[in-house]
Each structure stands twice: as C-alpha cells, then as structure tokens.
Amino acid sequence: MGLAKRIAEHTEPSIEDTVLLLPNATWADYQRHLEMRGEKSAPRISFLEGTIEIVSPSRTHEEIKSLIGCLVEVWCLEKNIEFRALGSWTLENKDERRGVEPDECYVFGDKPQTSRPDLAIEVVWTSGGLNKLEIYRKLGGQEVWFWQRGIISIHVLHDDTYQEVKASLNLVGIDVTQLASFLDRPSTSQAMRDYRAHLQAG
C-alpha cells in the first residue's frame, strides 16, 4: 500500500506506533534509557516532569517525517537558505525536568553554535503520549510543526506560550499546506522533483 493510501485510510487511535509511558520516573531513569538506546534514532525518548515516553515509530511515521524534511530542504535550496539538518537531536533540561527528540529538526542561517533548533517537526500518527508542546515550551523551542491527518500546523513560542499561526517564523513565505500536498507521490524522489518544479514554476 502506498503512502497516500495509508494516509487516506488512517484513523485514530492507531496501533502502528508503539507508545510506552513510564510514570513516576526520575531524571536518572530518563538518562539511563537514553544511555541504553545509544546513538540510534529510535526509539525516541521524551521526558516530562516525571513521566518517560518511549516511542517506536512505524514505517509510515518514519516515511512521513523524512518526506516532510526532504521537502523543507528542497524549499530551502530553491530559496538559497542555509540550513543544517539535525534529525532527532536530543534536547533536554534537567532543571525544567524535560527532554524530547523531534522527528526532524533544523537550524537555519550561519549560526556557529546553538543549543536549540529553529524548527522542530513532529508527526502525529498514533494518539496518546506526552504533550510535546509543553516539553518544547520550557526547552525554548522557537517553532514546532505538527503533521496530523494530512495537515501541517505551525506553532510559534510567544511569551512562554505557543500560538498556532498561519505563517512560519523561520521560513518566511513557505506554504505548508502546499508542501503537505506533495506527500501523496509514489516515492520520495518523485515528491522532491515535483515540489521543486512547482516552486520553480511559481
């Protein structure tokens, strides 16, 4: 079954992703899980004020997040925007008792060093789990995109609160509805070619 068909037929709650919540956990417990997992990108491990979330993403989850990332990179290349793709970079703050690993994340421009991404991308394929925006809020994540049921929503941090907005703060001019419409292609390469052609024609 192709990605477009899997998205069209997707209903929640889904059992494709495996989500495990461990309550009454300490920061040391969270660090031990990260250490046992090592440098692999999965499972992705989050922590929010005493609860650990361990997500083993499904193939569909991984395909969607990778494709969104590839299309973001196509857009940046067409607009001559410098970027660094940092994947599932582990973001954590012991004092705030929070940690998270985005599905994809990016730093834009020529920043030599930075402690946080400019953009984090999260794919919501399976319901339940921790409130990711609440984790990002105290970690200082400036902009977070959520893909869910074919729609990308943009959330930008203002005065310690996330607001859902229509336009990206970091990628000025990108149309996320348009970008999401290219997820129905039969392959990643075809989606990238078609999206690039669309941008060049516009």
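Leaving aside neighbours within four places in sequence, Arg116 is in contact (heavy atoms within 4.5 Å) with Trp89, Leu91, Glu92, Asn93, Val107, Leu139 and Gly140. The structure is a predicted model, in which local features need pLDDT of at least 70 and side-chain atom pairs count only at pLDDT 80 or more, while totals for chains, interfaces and linings use all residues. Residues are numbered from 1 along each chain as its sequence is written, and side-chain values use heavy atoms, with hydrogens and water left out.

**Arg116 and Tyr106**

Arg116 is found in the loop between strand 7 and strand 8, the latter covering 119-123; strands here are DSSP runs of E with at least two residues, helices are runs of H or I with at least four, and both are numbered from the N terminus. The C-alpha atoms of Arg116 and Tyr106 are separated by 9.1 Å, the two residues being 10 apart along the chain. The table gives relative accessibility, for which buried means under 20%, exposed over 50% and partly exposed in between, with a 1.4 Å probe and protein chains only.

| Residue | Relative accessibility | Class |
|---|---|---|
| Phe83 | 24% | partly exposed |
| Tyr106 | 0% | buried |
| Arg116 | 19% | buried |

**Aromatic pairs**

Rings of Phe, Tyr and Trp (its six-membered ring) pair if their centres lie within 6.5 Å, and planes under 30 degrees apart count as stacked, over 60 as edge-to-face and the rest as tilted. By this rule the count comes to 7 aromatic pairs. One of them joins Phe83 and Tyr106 edge-to-face, at 6.1 Å centre to centre and with 70° between the planes. Because Phe83 lies in strand 4 (residues 83-85) and Tyr106 in strand 7 (residues 104-108), this pair ties together parts that are 23 residues apart in sequence. Elsewhere, Trp27, Tyr30 and Phe47 form one aromatic cluster.

**The chain as a whole**

The protein chain has 6 helices and 11 strands. Its radius of gyration, taken over C-alpha atoms, is 17 Å, close to the 17 Å given for 202 residues by the globule rule (2.2 Å times the number of residues to the power 0.38), so the chain is as compact as a globular protein of that length. Along the principal axes, the C-alpha atoms fill a box of roughly 55 × 40 × 30 Å. Of the 202 residues, 45% count as buried, and among contacts between residues at least 6 apart in sequence, 59% join residues at least 24 apart.
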